[in-house]
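The following note was prepared for a colleague who wished to have the chain contact and the local geometry set out point by point. The sequence and structure come first, and the numbered points follow.

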Amino acid sequence: MEEIKLMKGNEAIAHAAIRCGCDGYFGYPITPQSEVMETLMKEKPWETTGMVVLQAESELAAINMVYGGAGCGKKVFTSSSSPGVSLKQEGISYIACAELPCLIVNVMRGGPGLGTIQPSQADYFQAVKGGGHGDYRLIVLAPSSVQEMADFTVLAFDLAFKYNTPSMLLADGIIGQMMEKVVLPPFVPRRTDEEVRNQCPWATTGKVGRKSNVITSLALEAEVMQETNLRLQRKYAQIVEHEVRFEEVQCDDADYILVAFGSCARIGEKVVELARNEGIKLGLLRPITLWPFPTKEIQRLAKQVKGFMSLELSVGQMVEDVRLAVNGLVPVEFYGRQGGVVPLAEETLVALKQKLVK
Amino acid sequence: MKTEIIIAGFGGQGVLSMGKILAYAGLLQGKEITWMPAYGPEQRGGTANVTVILSDERISSPILQQFDIVVVLNQPSMDKFEPRVKAGGILLYDSNGMTRKPKRKDISVYRIDATDMATEMNAPKTFNMLVLGGLLTVAPVVAVEDVMSGLKKTLPERHHHLLPANEAALRKGMEIIEKEN
C-alpha cells in the first residue's frame, strides 16, 4: 500500500507534479503559496527526474517561460497567489489562444490590490470568466483537501493535454497552508523526446523531416482570428459536455442547497451537520470544476428544492453562476466574508435561516 | 470520535511544532487529521495559533468556533480563546505572564508552570514538550509512544540527539500539571 503522508496542500502540489512526470516549474514566490517552490527546491527533482525548477525574475517572466515550455510540448506549470496571478493574465490569454497545455496554480489571498495574505476566493471571476483579454476559458479545478491538491494537480495536467488548453488549480490560503493526510500519486517517468514528438505533433520540437510548426496567438486577418475563436468555442463546448465534476453531500432529500467550493465547501459540510441537527434539511453541492460549471445539476436540483445559498470568501461571485443556472425558479441567496476573513459554520447557519428558511 | 484542539501563544513558543507533533501522532494512530495554522506574519513575539482536529471520520471545517481542548500560553490567547471552550471541555494554561485566572466554571481548567520548569531544567526549548506532556495527562488523545515517534519525524535528523531531553520534558510535564477547576 502507498504510504500515507502528512503535509501541507502547497507541498502536495509540488510532490504530485514531480511524480506525474512534470518537465518544469517556473514561479515567483508569494505568500500563501511559497511552499510550492520551496518544496520543489528541497526535493531537487533536477537530480532525479530531470525536471527543471526555476525562480523567474518576475511573474511575467514565469508565465512566458511556461508559454515557451508548453510550446515545446513539455509538461510545465507555474504557481502564484492573487496579485501574482493578475500579472500572469496576459500570458495566460496568449497560451489559451495558442492552444497549449499547461497548469497555473492560484492559491488565493484577500484582495483587491496587494490585499492581505489571508485566504480568499475573490479571484473566482478572474479564473472562470477569462481574466485576460479575449474569448477564452480555463479548465478550473477547485480542491477542498490536501489529498485533492495532489490528485487535481495530476488531473489538471491530464485535462490540459487532453484538450490542449491551460488549466487552473484554484485553491486558497486555507487549503494551501493546512496539513492533512495524503497518498501521493504513483510515480510516472517524464516523457522521452520521442514520446513528446508523437503525443504533441504540433510542438516546436526541432524540425526533422516535417514542415515548421508555428505557434502564435497573432492573426492580423480578422477572418483567420474569427476561425480561431470558433475553433476554441467548439473545444470549450466539448469540455462543457464531458468534464463537469461536482460532489454532493446529503442533497437527495434536501429542502435547501448550500453551494460552496474549496475551503468554503469544508465549512459548508459543517453547516450541513449543524442544520440537520436542528431539523433543517440542508444539502451541499460542491462544484469541483468551477469551469465548466455544474449548471445542469443545479438546474435539476432547482426543481426539487426551496432555495439555494452560495457560501464564498468574496462579496458574491459564484452566486451569479448559481443564479444563471437556477434562472429564477427558486430564491438564490449569498453569504460570505471578505478580505481574508473566514466565515464560521455557526454564523453561516444563522444567515441561512434569516435569508432562506422561512 | 472527534477531538477539536487549539493551541495558542506567542510565536517562538513552539505552538505550531506542538500541533505538528500531535498531528503526526494522530497519523500513526490511523486517525483523520487537519492541522490548520494561523499563517499571518507570526514569527517570534507575535501571536500564533494552530487548530488540530483528530477524528475517526472525514473532517469537515478546519476553521472552528468552539474547541474541546484549548491550550493557551499567553494572556491575549487566554482572553481570545477561553470563551471558545465547549461546555464541559478542557482549558489548559501556562501561568507565566498571566495577569488573571480563567473565569469559566463550566469547563475543566488545568494549570502547568511549564515556563518555570523549563528554566529550572535549563532546557527552555523543551517548553512545548512540557505542555504537551501535561495535555496528554488530562486528555490522552494520542499515545505517548506515538508522540515520541511523531517528534522523531518532525525533528531534523541533526537534532535527534535532543530526543531524550524532549522525552524527559514530556514525562516531567505529566507530573507537574495541576487541576484548578
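**Salt bridges, interface and backbone geometry**

1. Arg276(A) has a relative accessible area of 23% and is therefore partly exposed, where buried means under 20% relative accessible area, exposed over 50%, and partly exposed in between (1.4 Å probe, protein chains only). Asp253(A), at 38% relative accessibility, is likewise classed as partly exposed. These two residues form a salt bridge whose closest N and O atoms are 2.9 Å apart; the term denotes a side-chain nitrogen of Lys or Arg within 4 Å of a carboxyl oxygen of Asp or Glu. The pair links distant parts of the chain, 23 residues apart: Arg276(A) belongs to helix α11 (residues 262-277) of chain A, and Asp253(A) to the loop between β9 (246-249) and β10 (256-259) of chain A. Helices (H or I, at least four residues) and strands (E, at least two) are DSSP runs, numbered from the N terminus.

2. The model is predicted: local features need pLDDT of at least 70 and side-chain atom pairs count only at pLDDT 80 or more, whereas totals for chains, interfaces and linings use all residues. Residues are numbered from 1 along each chain as its sequence is written, chains are lettered from A and ligands numbered from 1 in the order in which they are written, and side-chain values use heavy atoms, with hydrogens and water left out.

3. Lys353(A) and Glu278(A) form a salt bridge, with 2.7 Å between the closest N and O atoms. This pair also links distant parts of the chain, 75 residues apart, with Lys353(A) in helix α14 (residues 345-355) of chain A and Glu278(A) in the loop between α11 and β11 (282-287) of chain A. Lys353(A) is partly exposed at 32% relative accessibility, and Glu278(A) is partly exposed at 47%.

4. In chain B, Glu167(B) forms a salt bridge with Arg171(B), the closest N and O atoms being 3.0 Å apart. Because the two residues are 4 residues apart in helix α6 (residues 163-176) of chain B, about one helical turn separates them. Glu167(B) is partly exposed, with a relative accessible area of 29%, and Arg171(B) is partly exposed, with 40%.

5. Over all chains, the count comes to 36 salt bridges. A network of salt bridges links Glu148(A), Glu247(A), Glu269(A), Arg286(A) and Arg58(B). Between chain B and chain A the count is 5, and the side chains of Glu3(A) and Lys153(B) meet in a salt bridge at 3.9 Å, N to O.

6. How many residues does each chain give to the contact? Chain B gives 26 residues and chain A gives 26 residues, contact meaning heavy atoms within 4.5 Å. Chain B and chain A bury about 2,200 Å² between them, 60% of it on carbon and sulfur atoms; buried area is the accessible area (1.4 Å probe) that two parts lose on being put together, summed over both. Tyr39(B), Arg58(B) and Ser60(B) supply 30% of the area that chain B buries against chain A, more than any other three residues.

7. Strand β8 (residues 179-183) of chain A and β2(B) run antiparallel and are joined by 2 bridges; strands pair if DSSP finds at least two bridges between them. Met179(A) stands opposite Trp35(B) in β2(B).

8. One joins Thr31(A) and Pro32(A), with omega of about 10°, and Pro32(A) lies in the loop between β2 (24-27) and α2 (35-43) of chain A. Another joins Gly111(A) and Pro112(A), with omega of about 0°; Pro112(A) is in the loop between β5 (102-108) and α6 (124-128) of chain A.

9. Lys44(A), which is not a glycine, has a positive phi of about 50° and is found in the loop between α2 and β3 (52-55) of chain A. Its relative accessibility of 36% makes Lys44(A) partly exposed. Glu99(A) has a positive phi near 55° and is placed in the loop between α5 (89-97) and β5 of chain A. Is Glu99(A) buried or exposed? At 16% relative accessibility, Glu99(A) counts as buried.
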